[in-house]
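Student: I would like to go through this model feature by feature. Please give the general idea each time, then the case at hand.

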Amino acid sequence: MPIINIDPSVKYAGDSQRVLDGEATLEKASVGLDTIGVTRIANITDLDRLGIPVFSGIRPTAADGAISVYSGKGVNPQQARISTIMECYERCLAERNGVNADIGENVAADEFMATMEEAGVQHDLIHPEEFLMPQPLDSSSLIEWTGGFDLLSGKEVYVPSNAVYHPYDAPGMSAHLFRSNTNGLASGNVMEEAILHGLLEVIERDALSMAEFNRNPGMELVLTEKDGQAYEMLKAFRDSGVDIRLWVLLHDTPVTTVVAATDDVQLKDPALLVMGAGSHLRPEIAVMRAITEAAQSRVVQIHGAREDTTREDLVRKIGYERMRRMNVYWYEEGVDKISLADMQDISSATPAGNINTVLYHLEKIARNAIVVDLSRSSINIPVVRVIIPGFEQYTLDRERVGKRIRLAGKRKGTEREKPWKRRPKV
């Protein structure tokens with residue numbers, strides 16, 4: 001696995017926290033769509049009454065076990081289109097050579113198959129148990145390994161390929177350790193942008209997993225007209241008869257993670273009890289990501305074209321009232337509140353600065369922050385898989401529960417830190 005060097009000279013365009021502006025990004029990303037099998041990018045915003053831009057991308061050649069309809073969101077149509085296109089690249093390049101119908105090129109990472117004991121003779125390994133396996137692993141099991149670069153130690157390490165590719169089908173006699181997912185899968189205009197997005201997504205899923213498992217929504221975020229565009233987007237929900245609450249989740253890093261929980265009080269459709277989440281070093285961006293993702297979640301349910309939205313049948317059997325009661329902690333008024341002005345912006349003017357800030361805080365609570373480069377030389381959009389072993393994925397896979405999630409629930413704290421303790425049981 002080649003060493004991944006973070007270039008400190010790469011700067012954001014203005015105050016955007018993006019290396020290229022929207023027009024340049026769209027031009028760069030649109031070039032290779034045919035190569036990855038994307039046949040259509042469509043505006044599906046008008047399927048919902050909110051008016052917040054949501055687009056979809058169609059890739060009929062997606063591997064078995066993967067979805068072929070992707071979605072993206074944004075504060076304007078250009079951003080939503082870019083978001084969708086980047087999702088297309090991520091999903092395609094997460095498919096390994098052999099099952100990928102569009103790209104025959106291998107990743108640059110070294111890969112091999114061996115038992116833990118055999119592999120550990122010559123390689124630094126991350127033990128599969130660090131990936132919160134649902135079942136114990138037999139020491140004689142063959143495992144497929146993929147090389148990655150640990151940003152914390154600056155060394156090459158090997159991780160189970162099961163944690164790298166999606167969908168993952170264990171080859172030969174090797175073990176299938178857990179259901180694969182897309183956590184930490186990210187793209188960008190440059191490698192640094194992709195790495196930061198991947199780190200933030202893993203942190204977001206970790207924070208959300210702990211919140212859901214412990215039924216602790218954190219602090220309610222209250223926006224006012226002074227908050228500009230974020231407030232206007234929040235108002236778009238409420239003006240359309242959709243209740244929405246924003247929550248700032250508790251986490252052991254200062255990276256802001258926000259959840260937008262929505263309830264369509266007009267339709268009272270259980271499938272539209274959806275959420276959006278976003279993490280960023282700049283709180284305003286985390287808020288915008290959460291709100292727009294909530295809008296995307298609504299449209300995806302209404303659209304009904306994605307193959308990973310089978311929750312619709314289940315929640316409709318459960319019913320609106322019961323679904324709301326089961327998740328009431330997201331929908332009732334928060335005990336403690338916070339404003340956007342009270343939240344700390346720890347972002348930098350460069351991707352490298354942001355990455356270094358994230359790593360500074362991660363090294364206090366994690367042993368590794370691994371990047372596997374999934375980019376292909378024939379594609380001009382870099383894609384990575386970021387893996388932080390031990391970070392929680394409960395929100396994606398209920399079978400994978402680790403120590404962090406339980407410690408968060410047992411941690412002693414004030415009523416301010418654990419407001420859900422004062423809520424009546426449902």
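**Reading the model**

Tutor: In α10, the buried residues are P351, A352, G353, N354, I355, T357, V358, L359, H361 and L362; buried means under 20% relative accessible area, exposed over 50%, and partly exposed in between, with a 1.4 Å probe and protein chains only. The model is predicted: local features need pLDDT of at least 70 and side-chain atom pairs count only at pLDDT 80 or more, while totals for chains, interfaces and linings use all residues. Residues are numbered from 1 along each chain as its sequence is written, and side-chain values use heavy atoms, with hydrogens and water left out.

Student: What covers the buried residues of α10?

Tutor: Contact means heavy atoms within 4.5 Å. The cover includes α4 (191–214). Because 10 of the 12 residues of α10 are buried, the helix is largely enclosed by the rest of the structure.

Student: How is the span of a helix such as α10 read?

Tutor: Helices (H or I, at least four residues) and strands (E, at least two) are DSSP runs numbered from the N terminus. The expected span of a helix is 1.5 Å times one less than its number of residues. Helix α10 (residues 351–362) reaches 16 Å from its first C-alpha to its last, close to the 16 Å expected.

Student: In what order do the strands of the sheet lie?

Tutor: Two strands pair if DSSP finds at least two bridges between them. Here 3 strands form an open, antiparallel sheet in the order β1-β2-β3. β1 (40–43) and β3 (69–73) are at the edges with a single partner strand each, so one side of each has no neighbour in the sheet. Between β1 and β2 (residues 54–58) there are 4 bridges, and I41 stands opposite G57 in β2.

Student: Which helices lie across β3, and at what angles?

Tutor: Axes are lines fitted to C-alpha atoms, for helices over the stretch in contact, and angles run from 0 to 180 degrees between N-to-C directions. Helix α2 (residues 77–93) lies across β1, β2 and β3, at about 140 degrees to β3. Helix α6 (residues 283–303) lies across β2 and β3, at about 145 degrees to β3.

Student: How much area is buried between domain 1 and domain 2?

Tutor: Domain bounds come from an automatic or database domain assignment, which gives domain 1 (22–103) and domain 2 (110–410). Buried area is the accessible area (1.4 Å probe) that two parts lose on being put together, summed over both. For these domains the area is about 3700 Å², with carbon and sulfur atoms giving 61%. R49, L93 and R96 supply 20% of what domain 1 buries against domain 2, more than any other three residues.
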